[in-house]
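Please look over the sequence and the structure shown below before reading the notes on the ligand and the aromatic rings.

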Amino acid sequence: MSIAENLKDIRSKIAKAATAWSRDADDVNLVAVSKRQPQDKLQAALDAGHRLFGENRVQEAQEHWAALKPNYPDMRLHLIGPLQTNKIKEALDLFDMIETVDREKLARKLGEEMKTRGTSTPCLIQVNTGEEPQKAGITPHELPAFLTFCVQECGLDIRGLMCIPPVDDPPVLHFAMLKKLAAQHDLKDLSMGMSSDFEKAIPLNATYVRVGSAIFGNREY
Ligand SMILES: *Cc1c(COP(=O)(O)O)cnc(C)c1O
């Protein structure tokens with residue numbers, strides 16, 4: 001199938017799941033994850049009218065989008081991978097949302113740079129719902145204090161939470177945990193669900209699903 005057909009297929013699956021769970025399909029935003037995909041596939045998604053994309057590395061995102069993005073003023077780009085503090089300026093130049101705020105140093109430096117610029121890029125906090133040692137993110141029990149720190153000390157505009165469930169666990173356990181944490185803190189946005197499980201995230205209130213290979217095919221390494 002073409003990229004246009006894949007996008008159509010995924011949008012219709014989102015709409016179906018949203019309807020089944022009495023949600024407005026417009027509240028479920030499809031983040032097309034374009035990491036390690038060739039430029040012609042990105043262009044095909046743009047030509048099909050898609051405007052929301054995700055990248056997990058700042059430098060690759062610059063290579064993919066720095067020249068292209070200005071041609072599509074309604075395009076939005078989310079950072080969905082770890083952000084090093086020495087890349088904050090480049091990240092804020094390019095991204096419209098940082099989904100991966102995951103530690104105090106990053107939160108503080110993001111807040112300082114936005115204050116200098118007089119801008120406020122919306123952010124999500126990445127939660128390590130599986131408490132995996134090798135994975136980025138705040139543990140669920142650290143979240144209340146970290147959220148307060150981000151908002152009150154750093155002045156960040158925290159819209160919600162993001163998670164990447166452990167590969168061996170049923171993802172719905174983690175989606176449910178993220179939903180519960182968001183409700184406890186009155187946060188609206190939830191970024192969860194990928195190619196293999198995005199439909200399962202919709203009943204649990206995902207507002208962003210991050211889908212790569214189901215749109216673009218297998219990635220280049
Ligand atoms: C690569 C990636 C995705 C997309 O994964 P697919 O399985 O190709 O849909 C989603 N979220 C994050 C954080 C990623 O790094």
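**Ligand site and aromatic pair**

A polar side-chain atom of Arg219 lies 2.7 Å from an oxygen atom of the ligand, a polar contact being a pair of N or O atoms within 3.5 Å. The model is predicted, with local features needing pLDDT of at least 70 and side-chain atom pairs pLDDT 80 or more, while totals for chains, interfaces and linings use all residues. Residues are numbered from 1 along each chain as its sequence is written, and side-chain values use heavy atoms, without hydrogens and water.

**Ligand contacts**
- A ligand oxygen is 2.5 Å from a side-chain N or O atom of Ser195, and a ligand oxygen is 2.8 Å from a polar backbone atom of Gly212.
- Of the 390 Å² of accessible area that the ligand has on its own, the protein covers 89% (Shrake-Rupley method, 1.4 Å probe).

**Ligand shell**
- Residues around the ligand (a heavy atom within 4 Å) include Val33, Lys35, Ile80, Met194 and Arg210.
- The shell divides into 6 nonpolar, 3 polar and 3 charged residues, with Gly counted as polar and Met as nonpolar.

**Aromatic pair**
- A search of the whole structure finds 1 aromatic pair (ring centres within 6.5 Å; planes under 30 degrees apart are stacked, over 60 edge-to-face, the rest tilted).
- The rings of Phe53 and Trp65 have centres 4.6 Å apart and planes at 45 degrees, so the pair is tilted.

How values were computed: Polar contact = N/O pair within 3.5 Å; in protein donor to acceptor, adjacent residues only side chain to side chain. Phe/Tyr/Trp six-rings, centres within 6.5 Å; stacked < 30°, edge-to-face > 60°.
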